[in-house]
Amino acid sequence: MIHFVILISRQGKVRLTKWYSPYQQKERSTVIRELSGLIPTRGPKLCNFVEWKGYKVVYRRYASLYFCICIDPDDNELEILEIIHHFVEILDRYFGSVCELDLIFNFHKAYYILDEILIAGELQESSKKTVARLIAAQDSPVETAKEEASSISNMMSQAM
Amino acid sequence: MNPFSSGTRLRDMIRAIRACKTAAEERAVVRKECAAIRSAISEHDQDYRHRNIAKLMFIHMLGYPTHFGQMECLKLIASAGFPEKRIGYLGLMLLLDERQEVLMLVTNSLKQDLNHTNQYIVGLALCALGNICSAEMASDLAAEVERLLLTKDPNIKKKAALCSIRIIRKVPDLAENFLSPAASLLKEKHHGVLIAGIQLCTDLCKVSADANKHLRKNCTEGLIRILKDVSNSSYAPEYDIAGITDPFLHIRVLRLMRMLGQGDADTSEYMNDILAQIASKTESNKNAGNAILYECVETIMGIEATSGLRVLAINILGRFLSNRDNNIRYVALNMLMKAIAVDSQAVQRHRTTILECVKDSDASIRKRALELVFLLVNDTNAKPLTKELIDYLEVSDQDFKGDLTAKICSIIEKFSQEKKWYIDQMLKVLSLAGSYVKDDVWHALIVAISNAPDLQGYSVRSLYKAFRTSFEQVSLVRVVVWCIGEYGEMLVGNVGVLEVEEPLTVTESDTVDVLEACLTGHSADITTRSMSLIALLKLSSRFPPTSERIKEIITEHKGSIVLELQQRAIEFNSIIQRHDNIKSSLVERMPVLDESAYMVKKANSSQENIVAVKSSQMSLAGTSVTLPNGVAKPPAAPLVDLLDLSSDDALVPTSTSKDFLHDLLGIDLTNSSSSGFSIAPSGGTDILMDLLSIGTPVQSDISPETVSSNQGFAPTTKPTPTTVQVLDLLDVLPSNGSVAGDQSPLYPSITAFQSSTLKIMFSFKKHPEKPQVTEIHATFMNLSSDSYTDFVFQAAVPKFIQLHLDPASSNHLPANGNGTITQTVTVTNSQHGQKPLAMRIRMVYKVDNQEKLEQGQINNFPPGL
């Protein structure tokens, strides 16, 4: 199973963390600190797997971001690489050629998408189209609510 | 309430934080935001609750504390609208973890949302439950989730299936409730539901054998059909990855098939065809295809597959291994480790390639390959593999040397068939990576050398050569120092030269140079330096010409700022200056270390045994050693440690052994000073050891037999029958004036010792008023045809007896029994009447200036002494 998903930038800034196994706050910061020291320092031609504390961390770099997934030692590393790519492709379609800034300013949307791909540390959906459809269906009531709110505040500001 | 009063928008806050140039600035911005959010919370601001939680999530990600926002998440979840719930659940998953008690408060909201009519709200609740639920929540909400597994909507179904996985991982007892809904999920067509359902079945198999049996019986066929359909399906753009339809589904089916086929030949047989098809037809030029092949190989290895299928699988791994992509090579190595158990011959075929991977530039691959090589070593290939690995050790990365060295050492220890090979290989490792060698490894080497008398000369010479090139390797230096201390004369005298050796000329002062370099070298640590001091002391008696120089070196260190060295130097100095007569016996060669005992202790791998061996090496010359219990023993005590090699440190009461040795040394010393009686120049340590082994509780672990046979001494004398003694007595008495003069002995005389060359008679006298004290008249007779000079008799007794030796009548013993030496020995038995007398004796003498030594134990004393 997947224990956690972390997105780290090359500068070591955390862009997304998702924990499927219980880690206390302190442990979380230790994990992040250790991995951001370990993974960005690996050369480009090396394999995408790092053995770490009895687990394996599978990572893949996209531009300035490292997508890291921690799994059990007997899980399929190659499949995890595909899952990372699956996630990135969905992000890419959603944001339209995604970049790090998209993930910074819309970090909550990245989480929503991840929640449509993984639950309980297991893969939920292999179809990018289905994920996109579900996300769009859930975004629309939020957008409507936002528009309503802004029209009310516009009305209020006009009234004032 | 004024909507404009509630601080900045999320976007603006992120911008402000990103604009900060220093960490302090960032902290200030975050503090300000947190203060605004706290006040909004205390004012029960509802309009901007979702924005505040979004901000807190960002702040949380930066690593700041955000616990004060947890209750706000619960409020958002409890509100009616989807947008609020969405951000509320996200906050819940991000800001809380399953161990926080706050989480219990959300159970009720979750229950309501699981029963909501809006499928997306149900989805949110399932997702949150699946990601963070605790065991209590799992039990409370399992029924709701189980019901949702049967709904029509695929989105809810797949989420409920994954949520069930979390529930049965938390509460395995609930597994049976989920079994039949899980099995029915396998009949679905929707890929998301299938993937989640198959995963749920796999987890059910993990927690319950019954589930495994049930699924094997009812679902194997269905699974195979799913795999067939998906692998034969035509191009499906929705699921296509690199020309393969839904590799994720492939992999999950294969994984469940592995669970079902394990240990069941019929089911495995049934899977044969489809596995063969996947293994032979899947494209291997893209990662997705390789991921499927990898999973397929693992399944073939895991089930009771036919041999043909296994060959196919191993061949795939062989192909992987020669792939240029590091990822593929990595998983190949990983899988070959598992394949060894199934077919080690097939894996051996790839040995050369695997060995190349040990030298890869990628640390992950190196580590895998090294572990694999370690598993591949057997008696036939140990030598070439060791050679390869040692050759690589020279050029390997610094951070890999530790792992590599440990593995090489354990291969050498495990597969060595001859001592010389073992010593040679260890020497190579020590010279290349001595700093990485663990203590127990070089300790074992020393034990081995000490047990190989015919290789000691060779070892010390090889070590000397190695030292000249690799003096910076700590462990090597220590072994060199120890061996020079022990076998220095073999180095100088070229003792026991093997045919393969190149001639080597080393002078006595060369060896002292080495030790001095080790002692004064700036990189040497205390252990090495202390060992060097001991070795020097040892050499000073072996190489008399260098003793002046050694004395100077030791004197120099009397002022060392390192306490340990200073103490040693002072002790050694006083040995040299004041106790020169016993020095050579103190610094005699170590008795052979007990190899089997060491191996047993090493296997037990307690820290203690390392210390024990170490201290026994260091305590040779009777120095002070810090023992595990933190007690620095006085100089005499470490002799006890020699015995500790096979006993437990903790059992030795320090004070007792101290007194004990004190007594013993006292005897020797009073003798030498008061009567000018000179102790023989050898055997000091040994006799002390022997003393210790006479029936006292301290060294109960070490039997006298072991000690004496190890040291190559004659076995102890057997008690001679009394009748013979009487006859002997009659024979001898006339020639022994002093004994004959005494007449009327209360106790019969005995033959205390007899060998082919020497005979000792004891006769006894007691003062009636002092029953504890016995005066023993010892008579020594030479049975050989050569006369003895420098004859010295030594005796030792158990602790409850006190011993006093009077000066002997002479130290010259004529040949063929033409004369005797007599000596009076007074013993005081403090446990008179309870314990009989016992004594160990040793005779040292010279025949034509050749030193001889005999020893024995007397336990045929007449009763009542």
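**Entry 1: a loop in chain B**

I began with B:Ala242, which sits in the loop between strand 1 (240-241) and strand 2 (244-245) of chain B, where strands are DSSP runs of E with at least two residues and helices are runs of H or I with at least four, both numbered from the N terminus. I noted that this is a predicted model, in which local features need pLDDT of at least 70 and side-chain atom pairs count only at pLDDT 80 or more, while totals for chains, interfaces and linings use all residues. I also noted that residues are numbered from 1 along each chain as its sequence is written, that chains are lettered from A and ligands numbered from 1 in the order in which they are written, and that side-chain values use heavy atoms, with hydrogens and water left out.

B:Ala242 has a positive phi of about 50° although it is not a glycine. With 40% relative accessibility, B:Ala242 counts as partly exposed; buried means under 20% relative accessible area, exposed means over 50%, and partly exposed is in between, using a 1.4 Å probe and protein chains only.

**Entry 2: a loop in chain A**

I then looked up A:Ala63, which lies in the loop between strand 4 (55-62) and strand 5 (65-71) of chain A. A:Ala63 is not a glycine, yet its phi is positive, at about 50°. Is A:Ala63 buried or exposed? I found 66% relative accessibility, so A:Ala63 counts as exposed.

**Entry 3: chain A as a whole**

I listed five helices and seven strands for chain A, and along the sequence they follow the pattern β-β-α-β-β-β-α-α-α-β-β-α. Chain A has 160 residues, of which 58% are buried.

**Entry 4: chain B as a whole**

For chain B I wrote down 39 helices and 10 strands, and 56% of its 865 residues count as buried. The accessible surface of chain B is about 36200 Å², and 52% of this belongs to carbon and sulfur atoms. Contact means heavy atoms within 4.5 Å. Among the contacts in chain B between residues at least 6 apart in sequence, 67% join residues at least 24 apart.

**Entry 5: the nonpolar cores**

In soluble globular proteins, nonpolar side chains tend to be buried together. A nonpolar core here is a set of buried Ala, Val, Leu, Ile, Met, Phe, Trp, Tyr and Cys residues joined through side-chain atoms within 4.5 Å. The largest one has 263 residues, and B:Leu92, B:Ile354 and B:Val358 have the most contacts inside it. Helix 26 (residues 474-493) of chain B gives the most to this core, with 11 residues.

Which residues is B:Leu92 in contact with, leaving aside its neighbours within four places in sequence? I found B:Cys73, B:Leu74, B:Ile77, B:Leu103, B:Val106, B:Ala128 and B:Ile132. There is also a second, separate core of 33 residues, which includes B:Phe800, B:Ile801, B:Val827 and B:Ile858.

B:Asn131 belongs to helix 7 (residues 119-132) of chain B and is buried, with a relative accessible area of 2%.

I found B:Ala291 in helix 15 (residues 287-302) of chain B, and B:Ala291 is buried at a relative accessible area of 1%. Leaving aside its neighbours within four places in sequence, B:Ala291 is in contact with A:Asn76, A:Leu78, A:Glu79 and B:Ile251. B:Ala291 and B:Val331 are 40 residues apart in sequence, and their C-alpha atoms are 9.4 Å apart in space.

Last, I looked up B:Thr8, which is found in the segment before helix 1 (10-19) of chain B and is partly exposed, with a relative accessible area of 32%. B:Thr8 touches B:Met13, B:Glu33, B:Arg51 and B:Lys55, not counting residues up to four places away in sequence. The C-alpha atoms of B:Thr8 and B:Arg51 are separated by 9.4 Å, although these residues are 43 apart along the chain.

Methods
Accessible areas come from the Shrake-Rupley method with a 1.4 Å probe; for residues, only the protein chains shown count as cover.
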